[in-house]
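Hi everyone, thanks for making time.

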Amino acid sequence: MIFITAKFRVLPEHADAWPEITGEFTRATRAEPGCLWFEWSRGVDDPTEYVLTEAFRDDEAGAAHVGSEHFRTACEALPRHLAETPRIVNVTVPQDDWSRLGEMAVPQKS
């Protein structure tokens, strides 16, 4: 799968509305057949920073995402709400879902 994490520093006046600003883009991306997940988190230490964690089934699904109309629309619309260019980590990993964090295993309840 293609695993992507991107950090978006949003202008302070738009930070509270970011989930609504990105809502249509988020819904359209989640509906893509090759999207495994597309999740936003807001920074605890910096409320103007949002982290996007996303994954796509394979290179073909990633290319379909980048080639989609909703991606092009987001590339045009979202920068006006940002304080800086988003930063990204993009890697291909040999798995298709989250792994368990064994060091923090929660015992099964009987």
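Predicted model: local features only at pLDDT ≥ 70, side-chain atom pairs only at ≥ 80, totals over all residues.

The protein chain has four helices and four strands, and along the sequence they come in the order β-α-α-β-β-α-α-β. The C-alpha trace spans about 50 × 35 × 25 Å along its principal axes. Out of 110 residues, 33% are buried. And if you take the contacts with a separation of 6 or more, 73% of them are between residues 24 or more positions apart.

Okay, now α2. Which of its residues are buried? They're G23, F25, T26 and T29. Looking down the axis of α2, the buried residues fall within an arc of 165°, so they line one face of the helix. What do the buried residues of α2 pack against? Quite a list: α1, β2, β3, α3 and α4.

Then comes the loop between α2 and β2, and that's where E32 lies. Here's the bit I wanted to show you: E32 is buried, yet it has no salt bridge. The nearest side chain of opposite charge belongs to R57, and that's 8.8 Å away. What E32 does have is a polar contact of 2.5 Å, side chain to side chain, with H70. Leaving out residues up to four places away in sequence, E32 touches F56, A61, H65, S68 and, again, H70.

Definitions and conventions. Residues numbered from 1 in each chain as written. Heavy atoms only, no water. Helix = DSSP H or I, 4+ residues; strand = E, 2+ residues; numbered from the N terminus. Buried < 20%, exposed > 50% of the residue type's maximum accessible area, 1.4 Å probe, protein only. Lys, Arg positive; Asp, Glu negative; His and termini not counted. Salt bridge = Lys/Arg side-chain N within 4 Å of Asp/Glu carboxyl O. Polar contact = N/O pair within 3.5 Å; in protein donor to acceptor, adjacent residues only side chain to side chain. Contact = heavy atoms within 4.5 Å. Arc of directions from axis to C-beta.
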